[in-house]
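Here's a quick briefing to read alongside the model. Keep the viewer open and follow the topics in order.

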Amino acid sequence: TRKPKKFRSKNQPGAPPLQSSPLTRHSSSPSSTDLTQKVSSTHKNRRRMFILFSAFFLIVFIVFFFISGRHEASSSFAEDFNDLSVGSRSIHTPHSLISIPNGMFDRIRAHTRTILDFGVRVPHETEGYIKTKQYMQSEMGKLRHAENHYHEFSAETPYGKKNFANFIVEFGERNRALEQKKEIIFSAHYESKLFPPHPQSGKEFLGATDSVVSCAMLFELAKWMDEEWSSIGSRLPFHITFVFFDGEEAFKEWTATDSIYGAKALAQKWEDEHRLKNIELFILLDLIGHKDVKLYKFAFHPDRYHEMLLNSQGQVDKDAKYFQSTFIPRAFIEDDHTPFVQRNVPTIHMIPLPFPSIWHTYDDDWDHIDWKSVEKIQHTLLQFVKNLSF
């Protein structure tokens with residue numbers, strides 16, 4: 001690098017002539033050699049000082065730039081993490097992890113044990129079906145901030161006309177006419193598939209993961225919301241509704257006419273009432289409770305809400321892998337969400353792929369429930385709802 005002009009050597013072409021300066025420490029005039037050495041030494045000292053000062057200011061600049069860059073990057077990350085855009089709304093993910101209410105997981109087990117002990121839940125004649133309906137209404141009837149009712153209807157089946165009843169729990173129902181809020185639906189089906197008893201053991205098909213566990217989880221999610229309503233109710237930008245579908249299972253083989261009786265009837269009813277356009281998100285739980293649960297992102301899942309579930313899972317357990325970021329573009333599993341997706345309702349289908357190995361077998365019972373996966377997914381759902389309220 002070419003040196004600045006003032007540091008050129010006296011032997012360089014074009015160097016300015018050296019100027020003598022008055023002496024202060026010597027009474028006699030120095031020789032020409034002494035003067036040359038002194039000037040050369042002075043130039044070297046100035047050069048060293050310049051290099052030292054330059055290095056100092058360069059280090060200060062680098063440190064300042066590094067600190068500023070880290071601060072801006074940290075602020076940008078915090079804004080991206082805390083501010084999740086949801087349509088015209090802004091949803092903030094809190095930094096704190098929600099604590100699980102005392103006894104919640106024990107109560108989920110108790111709900112599951114009780115309903116399984118009722119026996120098979122085939123609509124509409126079986127004793128287990130009738131007791132399950134009564135149990136749901138009794139448990140959800142304890143909620144102080146929600147109203148519940150049955151949506152009853154009849155439909156033709158391969159065994160003639162049968163009566164069905166979807167059970168609906170609505171938070172903030174009294175204020176819905178006054179509050180212009182959209183709606184989030186949590187849902188599962190409560191009846192069981194018609195199978196004959198096992199020919200050797202006589203064992204009945206009870207459907208623990210299909211879908212008693214999902215119902216038990218939603219019971220406790222609703223109860224938690226009811227207990228926290230004074231703090232989260234006013235901050236939630238949505239109404240919250242729970243739907244427990246009847247008639248999801250086919251009586252014989254799955255066809256367009258022999259399946260999802262309750263979902264088809266309710267979707268049609270809400271379409272006629274112009275309610276579907278007000279649904280922000282429809283969430284369906286099915287086949288939850290097995291140890292190999294992997295909940296993938298389907299093509300119809302809204303990106304923003306699937307990301308919120310992933311973020312909520314990360315807050316609960318950074319190593320959890322139940323909710324997956326993997327996109328499955330061509331998969332569509334017919335289930336209670338189908339008539340809602342067909343009517344363009346934003347939907348998340350929480351169903352594992354592949355299906356549990358115990359699906360539609362007599363082993364889908366109490367002994368084959370994996371409670372660790374149930375607890376982690378339940379905790380994620382609680383965190384998800386809590387994040388909606390910030």
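Strand S6 (residues 238-245) is mostly covered, with eight of its eight residues buried; buried means under 20% relative accessible area, exposed over 50%, and partly exposed in between (1.4 Å probe, protein chains only). Helices (H or I, at least four residues) and strands (E, at least two) are DSSP runs, numbered from the N terminus. This is a predicted model, in which local features need pLDDT of at least 70, side-chain atom pairs count only at pLDDT 80 or more, and totals for chains, interfaces and linings use all residues. Residues are numbered from 1 along each chain as its sequence is written, and side-chain values use heavy atoms, with hydrogens and water left out.

- In a regular strand the side chains alternate between the two faces of the sheet.
- Both faces of S6 are covered: one side has Phe 238, Ile 240, Phe 242 and Phe 244, the other has His 239, Thr 241, Val 243 and Phe 245, and all are buried.
- S6 runs parallel to strand S5 (residues 182-189), joined to it by eight bridges; two strands pair if DSSP finds at least two bridges between them.
- Within S6, Phe 242 stands opposite Phe 186.
- Strand S4 (residues 160-171) pairs with S6 too, in the antiparallel sense and over four bridges.
- Glu 170 has Thr 241 as its bridge partner in S6.
- Glu 170 also turns up beside Glu 147: their C-alpha atoms are separated by 5.4 Å, although the two are 23 residues apart along the chain.
- Glu 147 lies in strand S3 (residues 146-157) and is partly exposed, with a relative accessible area of 31%.

**Two buried glutamates**

- Glu 139 sits in helix H3 (residues 127-140) and counts as buried because its relative accessible area is 8%.
- The side chains of Glu 139 and Lys 142 make a polar contact of 3.2 Å, meaning a pair of N or O atoms within 3.5 Å; within protein, one must be able to donate a hydrogen and the other to accept it, and residues adjacent in sequence count only if both atoms are side-chain atoms.
- Not counting residues up to four places away in sequence, Glu 139 touches His 111 and Lys 223; contact means heavy atoms within 4.5 Å.
- Glu 220 is in helix H4 (residues 208-227), and it is buried because its relative accessibility is 1%.
- With residues up to four places away in sequence again left out, Glu 220 touches Met 104, Arg 107, Ile 108, His 111 and Gln 378.

**Around Phe 300**

- You'll find Phe 300 in the loop between strand S8 (295-298) and helix H7 (303-316).
- Phe 300 has a relative accessible area of 19%, so it counts as buried.
- Leaving aside neighbours within four places in sequence, Phe 300 is in contact with Phe 332, His 337, Val 341, Thr 347 and His 349.

- Most residues other than glycine have a negative phi, and most peptide bonds are trans.
- The peptide bond from Asp 210 to Ser 211 is cis, with omega near 0°, and Ser 211 is in helix H4.
- Leu 353 and Pro 354 are joined by a cis peptide bond with omega about -10°; Pro 354 is in the loop between strand S10 (347-350) and helix H9 (371-388).
- Ile 260 has a positive phi, near 35°, and lies in the loop between S6 and helix H6 (261-272).
- Ile 260 counts as buried because its relative accessibility is 5%.
- His 360 has a positive phi as well, near 55°, and is found in the loop between S10 and H9.
- At 23% relative accessibility, His 360 is partly exposed.

**The whole protein**

- The protein comes to nine helices and ten strands.
- Of its 390 residues, 46% count as buried.
- Among contacts between residues at least 6 apart in sequence, 77% join residues at least 24 apart.
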